[in-house]
Structure formats: structure tokens, C-alpha cells
Amino acid sequence: MKYGFITVAAAVPEVKVADCSFNLLQVENLIAQAEGKGVEIIVFPELSLTGYTCQDLFRQNLLIEQAENALLMLLDFTRKLDIISIVGLPVVVGGLLLNCAVVVQKGKILGVVPKTFLPNYGEFYEKRWFASSQDLHPTEIRFAGTRIMVSAAPQLFRTTDGALFGVEICEDVWAPTPPSNGLALAGAELVFNLSASDELIGKHDYLKSLLAQQSARTMTGYIYSGSGYGESTQDVVYGGNAIIYENGKMIAEGERFSFEPQLVIAQVDVERLRSERRANTTFVNAQRPDAYERRASKEMVIDCILPENVSILEENISLLPYREVNPHPFIPQKEKMVESCNEIFNIQVAGLAKRVQHTNSKRLIIGVSGGLDSTLALLVCVKTFDKLKIDRKGIIGVTMPGFGTTDRTHNNAVDLMQSLGITMMEVNIAAAVSQHFSDIGHDPTIHDVTYENSQARERTQILMDLSNQLGGLVVGTGDLSELALGWATYNGDHMSMYGVNASIPKTLIQYLVRYVAAEEVDEQSAKTLLDIVDTPISPELIPADEDGNIKQKTEDLVGPYELHDFFLYYMLRYGFRPSKIYMLAKKAFGGTQNDVAKYDDETIKKWLTTFVRRFFNQQFKRSCLPDGPKVGSVSLSPRGDWRMPSDATSTGWLRECEQL
């Protein structure tokens, strides 16, 4: 489980009803394929060695014996294989016939898990043949050459690197209290489901919703394998569903109604699941014995066998061949882009509206630079006043050109304010800052941090003084990415009376501005907004080049924001260490056979090191952050999601960066 990933597979073999020899061969072929691809755990459908649709043939001793013999041969087949296999077959325990999952590894039976909830309605009549685990007393049996205890007690299986998994069978997950509830609360991080659910109109969507909810509720990786081609179609049809979820999100899905065997592989991030569980106090509290009735004292934890071919497993994990890594985790999915942007924008508007009403303010003061951040903040102000039915003239947009302001950004700022119909002011800061340089004895030809920050603080002073003069609120424009990097002047653009962009990352802002351009404003404003989106990101604190173009580009100085937002997401959302973030970034931004990597390894390492260093060093700016609305799962508010001492040391993180 290198980097916390475990490779799992849902297999759907072709079956012949009641032909255990044929079915065994199909199972063995898929196990061999999976072993060669680095799969660590593979699950097959319900009653996969016999076929699910044997009906009254389950009462035939010959079929029961053939299934046991098939398992014996499977044990021999897996004797030298590291992969853990979960297959389904009927098992006799005393006077009971049980529908069971058998967990096999390296020629040994690790455990037998009987089905709990037997469907006996509609097209299902399992109680005609099988007993439930609830009817079972703990019994030791001799089965497939092995003496093993079979009971209703929850069973957890522990891999050699510490991941815990459990098993449930088909109808179990449809029950009001699925066994996976108890398994998860007992520590299972993965749940494997052997299923034989038939296809009906609308049922597939319901099934996916059910599995997504169960995976999310239990915070597990949920691996589902359903019977497919070859099962009897006497009255129903089986579609061969192979679906894998991680904490409610589908990460792999097979082809329904395929006539060919399927092997659907995914890599589940167990470390990510553990991080989610630790952070979720509801899940933590639910594990108390008095909060959930479960047989904690009877839980069995079964250790799996140490794999021999560790190098192949680690190689497959490190390359993440079966897992996609989104390079832009803050960006909504394309099909939900408009809906998500609308929701985010309205959260910002609702936050500001409450602050306006609470302070009984009829004016908002905002610095408008012609850049992305101030543009989004201005749009939020306009929508807020529209919803509150306050005249837009109460929004005072102040453009404050200085030494580095270009015609493009200045013109865009002016054009936007005019088309939106707000009150516009212009205060050139050059003379005031020059006087300040003279007062403190600073050489204006030296373009150092004093040169830059003096301009930022002058602008903030103007906005704050205007708010006193006009009786309004200063609306902050700084974003989440800048807060993470500390790319803000302390007591300059760092400060405001309400920061509407405080939890919006830089990579998301351009999508929000595009959304507003398409959905919320007039044609002229939209044209200006699109040009602002295409303008290079810059604080414009250094004079332009000889052609009047932006010379100081933020991403040249601190690195690409798409990388920093990626680092920020995984460091804060899941607490991942630098080595894992580095590996994920290589996967997300790396090339394929048809293209080249967007960033090479050294570039990723360089900017990851920069991110870690700046993130720790700049915490003091976040510790006194103005109020602002949270809109996503990551926030740096010192009153909410992120509370960190300003003098915390980054030594351990930077040391790991150096070793990458």
C-alpha cells in the first residue's frame, strides 16, 4: 500500500449455470490477469463458482460437492499467487446451506462470510434454498481441506500493510442496516460486495445511487461485482455490473451487458479515507459501542499473508496506472460547471448581503484594478446590491493607478465600472507614494519589497479612509491561493472589512468570471470580463516594459497557480505529505504516450518546495484574516478550517521535499 493506495478489481466472468469446472477456469483466468496487473484484492460475483441462477439445483448434493472441489482447485491455483481473491459459492454448515463469500490467498482459505439478508420477494426466492447468517451458530467445519470457523460474527481482513476490508453479499447492501455499517465502524476501509442483481428499468441508476451513498456514509472504498453474461435468462437478465466507489465517488465502472469477461481495476486511496474519518467527528462518535449496536467483542480480524512480489505491487502503485488524478481539483466538472458556479457565486452574494444588512450600510468601497480578483469581488457587490434592491451607485469602485499600472488593466477597470453602472473614482497614488519614499528615505529606483508594499498599503489606506468618509464597507478582493502563499501585503491588500473571495482559489476565479459574463451581465460588460480573464496575473507594482505591457507576472515569481492550488488541495483537504503530493502531481501533470508532461519532475519539486516554505512562513497573515464566506471544502479561515501557530516550523516538510 505505497502512498496509501491499494489496487482492487471487480471481476465479472462468463458463467455456465451449474458448470463448476467451466466457471473455475473463467475465475482463474481473471485472477491471473489481475495478478499480472498488480491487483492486490479481486472480488467476483455472488455464487460465481456455480452460477447464481441454479435454482433447485442448489438442493443437489452433486452441485454442492462440485463447488467445493472447484474451490480446492482454486486453492491449488493460487498457491504461489499473492493476490487476495473473493469468490462466491454455497457452503454446507451442519443442517444449513449458506450463500457465502470465501476469501482466498496463497492456497489458503482466510475466511468464509455468509450472506445475512436473503431476498424473498418479487423474482427472488433465496430462502427456498439458503439460510441466513442470522440462523447460524458458530460452527467449525472441514471445508475444501481446511478446518475453519463459520459464524455470523463480523469479519475483518487485514492486509500485510494494515488496510482492513470486509465483505457483504448483494442484498446485504439493500437492507436498512447493511452489514457494511458495522464493518466500517469496526475499522473496515474497503468493502467488497459479491452480487447477482438483475436488470430492470431504472434499477441501475438506483443501484449506483445506493452504492454511492453507502460508500459515502461509511467512508469506504466500495467494490461491487455483479453477475453477468451466462446466467440463466429464464425470467430475468443480469447485466454484469462492475463498479468501484471511493467515499461516494465512482472511480471505475465496467460495461453493462458485455458478452465478454470484465476486469475493472482501480486504486483506492486508503490514506485519504483515513484522513476523512479522522476529521469527521460524526464518524468518530458513531464508533462508540453505545452509539451503534454491534458485536464489537466478537469481531474477527484475520491477517492476510505477506506478498512475495512486493516490487511489482509498489511499481504499479507509484505509477497509478488505474487511477485518474484531476490536475484541477477545485474546478467543477464540465457538465456541472454552470450549476456549480451559480451556487458558489450566490454563496458569496449571500455572505456579503448579510454583512451589508447587519451594518445597515448603503455603500461598498472596493478597489478595482482590472485584474481577476477585484473583478469577481466587484461582480459579487453588484449582484448583492441588486438582490437587496439597493442602487448600484452605492458601490464606490476606486481605480488607483500607480507605477506599474498598464493601459490594458486600467481601461478594463474603467470600462467595467461604467458598464455596470456603479460610482467610479480614480486616485493616482504615484505622488503620495513618492512623498512617502522621500519621508522614509527610500530610493525609488530600487524596486524592492519596500517599493512594492508601499503602493499596496497606500491603496488600502485610501479605501479605508473613503469608507470612513462615505460610511461604507471595504470589500476585500484577495483569494484563497494568495492566502496560502502569503502573496499579499500585510496590512495592505491583505486587509478589508469583508473578504468575499477568501475561499475561492485562483484557478476557479476565471471560471466564475466567465460564468458571470455568460449568465449575469450585459453584452458590453461581458466583453470586458472576457478580456480580463485573458490578462496575465500581476500585482502591477513594477513599471511596465518599453511597450507598455505587464512586466511583473505573478506566476513567474511564485510559480504556476494550477500547481499551487493542487498542492493546497491535497495538503489541507487530506493532510498528505510532500512525497505523496509530488507523486500525485507527477500523475496529474505528467505526459502520456501521445504527449509530453506539462511540468517535469524538477519543476514540480521546485514549486512544491516553494509552496511548503511560503505556506508555513506566511501563516501570520492568515491568523488575522478578515471575515469572509466559506464556499468549498478547503478554507484558511483561522476561525474555521485552519488553525495553525504562526511560528510553526516547516523543517520536516522541507526535508522531505529535498529528498524527492
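Me: Leaving aside its neighbours within four places in sequence, which residues is G254 in contact with?
Reply: The model is predicted, so local features need pLDDT of at least 70 and side-chain atom pairs count only at pLDDT 80 or more, whereas totals for chains, interfaces and linings use all residues. Residues are numbered from 1 along each chain as its sequence is written, and side-chain values use heavy atoms, with hydrogens and water left out. G254 is found in the loop between strand 13 (249-253) and strand 14, where helices (H or I, at least four residues) and strands (E, at least two) are DSSP runs numbered from the N terminus. Taking contact as heavy atoms within 4.5 Å, and setting aside neighbours within four places in sequence, the partners of G254 are A242, Q262 and V264.

Me: How far apart in space are G254 and I243, C-alpha to C-alpha?
Reply: At 22% relative accessibility, G254 counts as partly exposed, on a scale where buried means under 20% relative accessible area, exposed over 50% and partly exposed in between, with a 1.4 Å probe and protein chains only. Along the sequence, G254 and I243 are 11 residues apart, while in space their C-alpha atoms are separated by 6.4 Å.

Me: What share of the residues in the chain is buried?
Reply: The chain has 21 helices and 20 strands, and its C-alpha atoms fill a box of roughly 100 × 55 × 50 Å along the principal axes. Among contacts with a separation of 6 or more, 73% join residues 24 or more positions apart. Of the 660 residues in the chain, the buried share is 55%.

Me: Which residues of helix 1 are buried?
Reply: For helix 1 (residues 20-36), 17 residues at 1.5 Å each should span 24 Å, and the end C-alpha atoms are 24 Å apart, which agrees; the expected span is 1.5 Å times one less than the number of residues. Cover for the buried residues of helix 1 includes strand 1 (5-12), strand 2 (41-43), helix 2 (61-77), strand 3 (84-93) and strand 14 (262-269). The buried residues of helix 1 are C20, F22, N23, L24, Q26, V27, E28, L30, I31 and A34.

Me: Which residue follows helix 17 with a positive phi?
Reply: The 13 residues of helix 17 (residues 561-573) should span 18 Å at 1.5 Å a residue, which agrees with end C-alpha atoms 17 Å apart. Just after helix 17, a positive phi of about 70° is taken by G575.

Me: Which residues of helix 18 are buried?
Reply: The 12 residues of helix 18 (residues 578-589) should span 16 Å at 1.5 Å a residue, and its end C-alpha atoms are 16 Å apart, which agrees. Because 10 of the 12 residues of helix 18 are buried, it is largely enclosed by the rest of the structure. The buried residues of helix 18 are P578, S579, K580, I581, Y582, M583, L584, A585, A588 and F589.

Me: At what angle do helix 19 and helix 21 pack?
Reply: In helix 19 (residues 601-617), K605, L608, T609, V612, R613 and F616 meet W653, L654, C657 and E658 of helix 21. Helix 19 and helix 21 are therefore roughly antiparallel to each other, a label for angles over 145 degrees. With their axes 10 Å apart, helix 19 and helix 21 (residues 651-658) pack at an angle of about 175°.

Me: What is the phi of A144, a residue other than glycine?
Reply: Most residues other than glycine have a negative phi. A144 lies in the loop between strand 6 (139-143) and strand 7 (146-150), and at 3% relative accessibility it counts as buried. The phi of A144 is positive, near 50°.

Me: Not counting residues up to four places away in sequence, which residues does H494 touch?
Reply: H494 sits in the loop between helix 13 (480-485) and strand 20 (498-499), and at 6% relative accessibility it counts as buried. Beyond residues up to four places away in sequence, H494 touches A488, T489, K621, C624 and P626.

Key: Axes fitted to C-alpha atoms, helices over the stretch in contact; angles between N-to-C directions. Parallel < 35°, antiparallel > 145°, perpendicular 65-115°, else oblique.
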